[in-house]
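Subject: Structure handover and notes

Hello,

Here is the structure, with notes on what was found in it below. Please read them alongside the coordinates.

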Amino acid sequence: MSENCIFCKIVNKEIPSELIYEDEKLIVFKDIRPQAPVHLLIVPRKHIRSINDLKPEDHAIAGDMLIAAQKIAKLVGVDKNGYKLNFHVEKGGGQEVFHLHMHLVGGWEK
Ligand code: AMP
Ligand code: ZN
């Protein structure tokens, strides 16, 4: 938990989100400003600032995020048509929330 981190607050249910999935490692919720018909955020419960701060011992978290993406894409029905998985890394990469997350975007017309 990092103070004043909005995603830590969502993870801890201190502020609401439109939750799609959660398990012991991560949560998945709808992006509040969707850029596509389907726009979800895959967020590890552990506070890690960005990809730059991933440590070798976090490798399971990184892998879990990809496995969750595969599962959630199927759950929301974008797996067959296809989708994008994006990381924004630090300010120059467009990152606005400094708690590691992966965007899952899709749902465009076939
Ligand atoms: P970025 O840091 O650029 O990878 O993106 C952060 C994303 O978090 C943006 O797409 C925001 O719309 C989204 N976001 C910010 N606050 C919330 C919130 N309270 N609930 C859901 N999504 C949020
Ligand atoms: Zn956080």
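Met 1 sits in the segment before α1 (6-11); helices (H or I, at least four residues) and strands (E, at least two) are DSSP runs, numbered from the N terminus. Met 1 is exposed, with a relative accessible area of 58%; buried means under 20%, exposed over 50% and partly exposed in between, with a 1.4 Å probe and protein chains only. Its contacts (heavy atoms within 4.5 Å), leaving aside neighbours within four places in sequence, are Cys 8, Lys 9, Asn 12 and Glu 14. Met 1 and Val 11 are 10 residues apart in sequence, and their C-alpha atoms are 9.0 Å apart in space.

Two points on provenance. This is a predicted model, in which local features need pLDDT of at least 70 and side-chain atom pairs count only at pLDDT 80 or more, while totals for chains, interfaces and linings use all residues. Residues are numbered from 1 along each chain as its sequence is written, chains are lettered from A and ligands numbered from 1 in the order in which they are written, and side-chain values use heavy atoms, with hydrogens and water left out.

The sheet

Strands of a sheet pair through backbone hydrogen bonds, either parallel or antiparallel. Here five strands form an open sheet in the order β1-β2-β3-β5-β4, with antiparallel pairing; two strands pair if DSSP finds at least two bridges between them. β1 (19-22) and β4 (83-86) are the edge strands, each with a single partner, so one side of each has no neighbour in the sheet. From one strand to the next the twist averages 20 degrees.

Going through the pairs in sheet order:

- β1 and β2 are antiparallel over three bridges, with Glu 22 opposite Ile 27 in β2. A hairpin of three residues joins β1 to β2.
- β2 and β3 are antiparallel over five bridges; Val 28 has Ile 42 in β3 as its bridge partner.
- β3 and β5 are also antiparallel over five bridges, and His 39 stands opposite Val 105 in β5.
- β4 and β5 (residues 102-106) run antiparallel and are joined by four bridges, where Leu 85 is opposite Leu 104 in β5.

Helix α2 (residues 59-76) packs on this sheet and touches β1, β2 (26-30), β3 (38-44), β4 and β5. The direction of α2 makes about 150 degrees with that of β3; axes are lines fitted to C-alpha atoms, for helices over the stretch in contact, and angles run from 0 to 180 degrees between N-to-C directions.

How many residues of β3 are buried? Seven of the seven are, so β3 is largely enclosed by the rest of the structure. Val 38, Leu 40, Ile 42 and Pro 44 point one way from the strand, and His 39, Leu 41 and Val 43 point the other way.

The ligand

Ligand 1 is surrounded by 16 residues, and the closest are Asp 31, Gly 94, Glu 96, His 101 and His 103; a residue is near a molecule or strand if one of its heavy atoms lies within 4 Å of it.

| Protein atom | Distance to an oxygen atom of ligand 1 |
|---|---|
| Gly 94, backbone N or O | 2.7 Å |
| Val 97, polar backbone atom | 2.9 Å |
| His 101, polar side-chain atom | 2.5 Å |

Taken alone, ligand 1 exposes 510 Å², and the protein buries 90% of that. Accessible areas come from the Shrake-Rupley method with a 1.4 Å probe; for residues, only the protein chains shown count as cover.

Loops

Asp 58 is in the loop between β3 and α2. At 3% relative accessibility, Asp 58 counts as buried. Leaving aside neighbours within four places in sequence, Asp 58 is in contact with Lys 46, Ile 48 and Asp 53.

Most residues other than glycine have a negative phi. Lys 13, in the loop between α1 and β1, has a positive phi of about 60 degrees although it is not a glycine. Glu 90, in the loop between β4 and β5, likewise has a positive phi of about 60 degrees without being a glycine. Are these two residues buried or exposed? Lys 13 is exposed at 51% relative accessible area, whereas Glu 90 counts as buried at 19%.

Regards

Note on methods
Polar contact = N/O pair within 3.5 Å; in protein donor to acceptor, adjacent residues only side chain to side chain.
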